[in-house]
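Please keep the model open while reading.

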Amino acid sequence: MLDFLKPPVETFQDFLVLAGRAVRNVFRSPHYSDDIFQQMDVIGVGSLFIVCLIGMFTGVIMSLQMAPMLNQYGAQGQVGVIVSVAIVREMGPVLTAILVAGRVASGIASELGSMKVTEQIDAMRALGTDPIQKLVTPRMIATAVVLPLLTIIADFIGLIGGFIMAKNLLGISASLYWTSAWQNLEPRDVVQGLLKPFVFAFVIALVGCFYGMRTSGGTQGVGRATTTAVVVSSIWIFVLTSAIGRLFVKI
Amino acid sequence: MATGNDIVRFEDVCLSFGETRALDHVSFRLSAGETRVVFGAAGSGKTMLLKVAVGLVAPDSGRVYLMGQEITHLRESDLFDLRAHVGILFQEGALFDSLNIEENVAYPLVNQRALQHAGSNGSGRSVEERVRETLRFVELEQTLAKFPSELSGGMRRRVGIARAVVTEPALVLYDSPTAGLDPITANTIIALILKERDLRNAAAIMVTHRYQDGHLMANFRYNPNSGKIEPQPPAGDPARVSTRFFVMNQGRLVFEGSEAELQAAQDEYVRKFLRPTGG
């Protein structure tokens, strides 16, 4: 009766096996540090511009949409609080991760998928290299280092975007905006805001690698793997942000 | 028990993917210095035969021995050391797109643990020297800095051969080395394979669907003195390289024998692979 559950459960199990091996390889030699730095460049530096752009607009929009409401209650001074809490806790980590998922999970899945269908992964094994050690672990480490950094940058640029709008629409002074934004951020907001991208990084890199490595069916399969990787990693990002958010929210 | 002399040995090996039988009770043995030519239609399990032989795919049942050691249940990390003695030319070459030709050919030398520990396989030459030498062997020394995408199909196949043989393995597996190539390039590739086989007396399994390839492997040899490809000594001469033919159909080995036996075969499927050899 529950047969329909079998394929997704098996897929999840395979995913956990890959994730386990990838993490275990972090503590095993050989370490391909060149690959790690190269991936950091591709994933981090490559995503920097678009992450800044999206961060900026997030802050601008938050400020823009909140300004009339705050004005109504005479609470213009609170705009910095709203922007900083929303961005640092939620918007920064999630939007950056979704963006990186679209850029990086798809890139990883298509690269590894092409390698799979052209037998390069088999060749790698035949020539004495563990493809998880050589391909998956460096991408995982690189994303885990780079995504929190990208999120910090996105958060900061978002706050600047929020300030620009707050100043123009509500005439809020710089000192009021930044003081209220800063003072209302609690350490656990920052912890939450950095834990999320760290967790998302594993999801993005591992989901991308997972669907890439199990690609079959030629070039069409590569396309399928890429789409699935983006969809699945995006869903997991939302599921996990809710779960992690719940851990930090106390009423 | 596998005897030490067997390079590869299959004992009743079965492998299926869902409903499809890739290998169906396959048994055979290959000794040092021998050549096997495997014919078969697309999807008859030829490629899987090679992949199972080096442990890239584990069989469902049966036993597989490589270099006298059973590999059926060996862990991947233990297989790496054994695989250092095997070279593989994959279909279409399977060169690494992100590496240039020099790095591609150097890859097994740089990455194979067994070779590193063995002190570069007994020879004192540097990796670079060996890569150049091997590329000279396939006549592509000028392409060192190029990337695989910049080469033609035949050249990529030749680089694939270079990468397979750079470690001077005891066994070389060729998966459809001539597929998709024009007849002239195909013959160049076979000439290289002959040269590799006869210079080092390496064992070889070649999967193909071109009868001509098998015919050349069985009847010609590379003469290192003259540097030319010449006919093999007649049957019975100890200098003749033993070449046997396999025909596979839906995972089963439906024929095993010499070229003469192949030509005398009555089975309709087996006869499909007999084509006029052009002289």
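Predicted model: local features only at pLDDT ≥ 70, side-chain atom pairs only at ≥ 80, totals over all residues.

The text below goes from the chains to their contact and then to the sheet.

Residues are numbered from 1 along each chain as its sequence is written, and chains are lettered from A and ligands numbered from 1 in the order of writing.

Chain A holds eight helices and zero strands, whereas chain B has ten helices and twelve strands; helices (H or I, at least four residues) and strands (E, at least two) are DSSP runs numbered from the N terminus. The table sets out values for each chain, where a residue is buried if 20 or more other C-beta atoms, placed from the backbone, lie within 10 Å of its own.

| Chain | Residues | Buried | C-alpha box along the principal axes |
|---|---|---|---|
| chain A | 251 residues | 47% | roughly 70 × 50 × 35 Å |
| chain B | 279 residues | 44% | roughly 50 × 45 × 40 Å |

Two residues are in contact if their C-beta atoms, placed from the backbone, lie within 7 Å. Among contacts between residues at least 6 apart in sequence, 89% in chain A join residues at least 24 apart, and the corresponding share in chain B is 65%.

The contact between the chains takes 18 residues from chain B and eleven residues from chain A. On the side of chain B, α2 (76-83) and α3 (101-111) each supply at least two residues.

Within chain B, an open sheet of six strands with mixed pairing has the order β6-β7-β8-β3-β11-β12, where strands pair if DSSP finds at least two bridges between them. Because β6 (86-89) and β12 (252-257) of chain B each have a single partner strand at the edges, one side of each is left without a neighbour in the sheet. β6(B) pairs with β7 (residues 171-175) of chain B in the parallel sense over four bridges, and B:L89 stands opposite B:Y174 in β7(B). Helix α6 (residues 153-165) of chain B packs on the sheet, touching β6 and β7 of chain B, and its direction makes about 170° with that of β6(B); such angles run from 0 to 180 degrees between N-to-C directions, with axes fitted to C-alpha atoms.

Definitions and conventions. Buried ≥ 20, exposed ≤ 12 C-beta atoms within 10 Å, placed from the backbone.
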